[in-house]
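Look at the structure shown here, and then follow the paragraphs below.

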Amino acid sequence: MDKIQNRASRFQNSLNGRPRGIPFLSRVIGHVDLDYFYAQVEEVENPSLRGRPIIVCVFSGRTEDSGVVSTANYKAREFGVHSGMPIVQAKKKLEGHDPEVIRMNHEKYEAVSNRIMEELGELVDVLEPTGIDEAFFDITNSTGGDYSRARGLAESIKTAITKSENLTCSIGIGRSKVVAKLGSDTSKPGGLTVISPEATESFLAPLDASKLYGVGPKTTLILEEMGIRTVGELAKSSPPELERRFGRKFGGYLLAAATGTDADSVVAGLEPTQFSRIVTLRRDTSDPKEVTEQLSAGIKYIHGKLASSGKSFKTVTAIGILTDMSTKTKSKTFETAVSDLTMTGETVSALFDELSRTAGKEFRRAGVRVSSLEDVEDQTSLSEFLRPAR
Ligand code: TTP
Ligand code: CA
């Protein structure tokens, strides 16, 4: 309970952390949650498993089958299997249904998660990963607070994750973290729920109060004693009564959550390890000049990302996706980290020169990636580095 209340008070305290100048109600916050994550990663690795019940398990090693189910795919869930269930019990429920029992491989899931978080970080304004398979994000600036643009951006996030990792996810968009999280919960698996500020009250009202973030069984019980079952009922309940029952902070949080006015902001939580941009060329070409020209906006974008995160890079990579969809890359690594826009453009151009000579086919898409990032204060800019010593 203490833990939950701490979180709740963090939600409340962050009222002060909201960036100035952004009116609270026009925020656009998202929550992305990968579907049946560990089990889906296994399905992607071994597509012949699709359609069969899968349980990813943590074996304790005491007896052959002792341990618990870490997660189950939706096929297995149809038979009543869920996370945390003893393996023995899950196997019983799946008897005769040809289940696949897989040992959990955390490193594998973490590697996929890291790649996805990096990719997401480039698509949104601020990304706050909150677990191996979920993150909050803020897209207020890039959408200008427009919820139809937010829907488009959320759709492109889903497409990007499907393209790069072949994984599905659920996304919720709303004006607060609580609303966004409820949005992704209600769209599982594979869905997208966009809750505009105007639709927030009617979206929240019928939901069970127990669905609210931070509301566990104990709180639910007390709410029931107060005659409160739905979020709508909680929103209309008496603030002094809530305060009396739950204390000032948690009571205040409950009311804010129920009205979708929780003010916690999305806090960047991941150190980026690379930035990249890939574009589809206006036409297939093997002319490196044409490619570099069409990448100039992408290079500027990467420089913006570097500047806003206070990073510079050591390695720059030219990425060419050819007409047969194969990918060819060429990299250059500098001895000292750099952050010079002109130099990046020139290097990318030289790399595409080389790439086009060896590619053997025309480019359909092209991209740039900078990696081996370092904090800017740790190094000299390339221009400085190249300047002859006096
Ligand atoms: P969840 O997001 O709770 O669950 P999920 O991704 O398996 O399914 P969905 O989101 O579609 O409902 O958890 C993310 C991962 O965390 C999950 O794949 C496995 C792991 N996990 C455990 O190891 N034990 C648990 O009790 C839970 C709930 C999750
Ligand atoms: Ca999930």
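Phe250 is buried in this predicted model, with a relative accessible area of 2%. Tyr253 has a relative accessibility of 1% and counts as buried too. Because buried means under 20% relative accessible area, both values fall within that class.

A pair of aromatic rings is described by the distance of the centres and the angle of the planes. The structure holds eight aromatic pairs. In one of them, the rings of Phe37 and Tyr109 have centres 6.5 Å apart and planes at 65 degrees, so this pair is edge-to-face. Phe37 lies in helix α2 (residues 37–45) and Tyr109 in helix α5, so the contact ties together parts that are 72 residues apart in sequence. Phe37 and Tyr109 are both buried. For Phe250 and Tyr253, the ring centres are 6.0 Å apart and the planes are at 25 degrees, so that pair is stacked. Ring pairs also link Phe37 and Tyr109 with Tyr38 into a cluster.

Which protein atoms hold the calcium ion (ligand 2) as donors? They come from Asp33 (OD), Leu34 (O) and Asp133 (OD), and they lie 2.1 to 2.3 Å from the ion. Asp33 is in strand β1 (residues 29–34), while Asp133 is in the loop between β5 (126–131) and β6 (134–138), so the pair ties together parts that are 100 residues apart in sequence. Along the chain, the donors follow the spacing D-L-x98-D. Asp33 is buried, at 4% relative accessibility, and Asp133 is buried at 15%. Ideal angles for six octahedral donors are 90 or 180 degrees.

The last topic is empty space. Rolling a probe the size of a water molecule over the atoms shows where such space is left. The largest pocket holds about 920 Å³. Its lining is made of 23 residues, and those closest to the centre are Glu119, Ala160, Ser164, Ile278 and Arg365. Helices α5 (106–123) and α7 (147–165) each supply at least two lining residues, and so do the strands β9 (274–285), β10 (311–322), β11 (327–338) and β12 (363–375). By class, the lining has nine charged, seven polar and seven nonpolar residues.

Conventions
Residues are numbered from 1 along each chain as its sequence is written. Chains are lettered from A and ligands numbered from 1 in the order in which they are written. This is a predicted model: local features need pLDDT of at least 70, side-chain atom pairs count only at pLDDT 80 or more; totals for chains, interfaces and linings use all residues. Side-chain values use heavy atoms; hydrogens and water are left out. On a 1 Å grid over the protein atoms alone, a cavity is a set of points where a 1.4 Å probe fits but cannot get out, and a pocket is an open set with protein on both sides within 12 Å along at least five of seven lines; lining residues have an atom within 4 Å of a point. Grid points are joined across faces, edges and corners, and a volume is the space filled by probe spheres set on the points. Helices (H or I, at least four residues) and strands (E, at least two) are DSSP runs, numbered from the N terminus. Ala, Val, Leu, Ile, Met, Phe, Trp, Tyr, Cys and Pro count as nonpolar, Asp, Glu, Lys and Arg as charged, and the others, Gly among them, as polar. Donors are N, O and S atoms within 2.8 Å of the metal (3.2 Å for Na, K and Ca); water is not among the atoms, so sites may look incomplete. Buried means under 20% relative accessible area, exposed over 50%, partly exposed in between (1.4 Å probe, protein chains only). Rings of Phe, Tyr and Trp (its six-membered ring) pair if their centres lie within 6.5 Å; planes under 30 degrees apart count as stacked, over 60 as edge-to-face and the rest as tilted.
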